[in-house]
Amino acid sequence: MDLSVEEKLKIASSFLLDSPPGEVSEVYSGKFWFCVLIPDVSVLLNNNSVFQEGLLDALRQYNIEQYVTVTFPEQESKVILSKYGQLENDRFFDPKSHKTFKVDHMSQDVIEVEPEPQTPDETTEPLRSAVETAISEYVADHYPKGASATYSTGETITIAIVDEKFNPKNLWNGRWRSTWVISPGSGEIKGTIKINVHYYEDGNVQLNSTKEIEITSSPVNSEDLAASAAAYSKSICKAENEFQNALNESYVELSENTFKGLRRALPLTRHKIDWDKILFCLRCSLAKACLKDFFSSRRFCMRKSRLNTDSKIDSDKTNGLTFLSAFTLAFLCLFSSFDSVFDL
């Protein structure tokens, strides 16, 4: 049954949205063997122009959901793409530089950078700026390649944190994302932490972990915004460290105890297997079988010699060789090592 273009685009978009961290461009261009996705998708769509136009929305959604970072021209600081900074006409807002910009979602290049058209809200900007400073210091101390963005979202302040490490030479990639929503009036902090790791050496293993967290902090102190911002940052730091430690402990437990529990320490008899006894029994059985074959062949040769007296000399030779071979093999089975028997 032939699929419509819409159905093909839906399938292709789902492939891109499920791309592991740092691999969407490889998936899109089909550069690596472990991402043979796009050549298949190209065949699926059978129209390159329709393919690029239809998957642009999927790439945009992926970049926003994954907190993909971009850099302004001639700058090194990272800017997060998120729904909290998304504006109309496919533009984004960077709260640190107070600039708006567009992004080529296929190449992830920044274009059309412009100053913020509106001045920040005077009632929320002081607290937002203080929280931004505290969070930026925290991210710089705890995330080697991390980036953060602090947005004023109505009556709340939303923080986006992302860090990623891509190591394609060793066949693994990973990304950390956390989102925190602060309610200054009540001091309530709600957060979501997401971790995605992909390891693909001789296989395909992915870790996807999500944690919802709620923290109760003191309401904002309007007279000392820096202290309130530092308290928020400290609470977030504590929560993320606890999650990281719990994740590490769970995998240590998984490695040292859970996997070992999948194997029996003893068989059903509750006794260790006596391999020497089993080896001796095998030798005896093999020796018995050799002797049995010898006597069977000897009786056959004797019956044959009675029917044909002319072949008596040949049968005696055959019986002698058979006896010698059987006796030698039986002796080796009883007194030699098991490996030596098979070496013969």
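Good morning. I begin with helix α5, residues 125-142, whose 18 residues reach 25 Å from the first C-alpha to the last, close to the 26 Å expected at 1.5 Å a residue. Please bear in mind that this is a predicted model. The buried residues of α5 include Glu-125, Leu-127, Arg-128, Ala-130 and Val-131.

Two of these residues pair with each other: Arg-128 forms a salt bridge with Glu-125, and their closest N and O atoms are 2.9 Å apart. Because Arg-128 and Glu-125 lie three residues apart in helix α5, about one helical turn separates them. Arg-128 counts as buried at 4% relative accessibility, and Glu-125 is buried as well, at 18%.

Salt bridges that share partners join Asp-57, Arg-60 and Asp-90 into one network. Asp-57 and Arg-60 have their closest N and O atoms 2.7 Å apart; they are three residues apart in helix α4, residues 48-65. For Arg-60 and Asp-90, the corresponding distance is 3.2 Å. This second pair links distant parts of the chain, as Arg-60 is in helix α4 and Asp-90 is in the loop between β2 and β3, 30 residues apart. Arg-60 counts as buried at 18% relative accessibility, whereas Asp-90, at 25%, counts as partly exposed. The salt bridge count comes to seven.

Finally, the sheet. Three strands form an open sheet in the order β3-β4-β5, with antiparallel pairing. Its edge strands are β3 (91-94) and β5 (109-115). Neighbouring strands are turned by 35° against each other on average, direction ignored. Five bridges join β4, residues 99-104, to β5, and Asp-104 stands opposite Asp-109 in β5. Thank you.

How values were computed
Residues numbered from 1 in each chain as written. Predicted model: local features only at pLDDT ≥ 70, side-chain atom pairs only at ≥ 80, totals over all residues. Heavy atoms only, no water. Helix = DSSP H or I, 4+ residues; strand = E, 2+ residues; numbered from the N terminus. Expected span 1.5 Å × (residues − 1). Buried < 20%, exposed > 50% of the residue type's maximum accessible area, 1.4 Å probe, protein only. Pairing = 2+ DSSP bridges. Axes fitted to C-alpha atoms, helices over the stretch in contact; angles between N-to-C directions. Salt bridge = Lys/Arg side-chain N within 4 Å of Asp/Glu carboxyl O.
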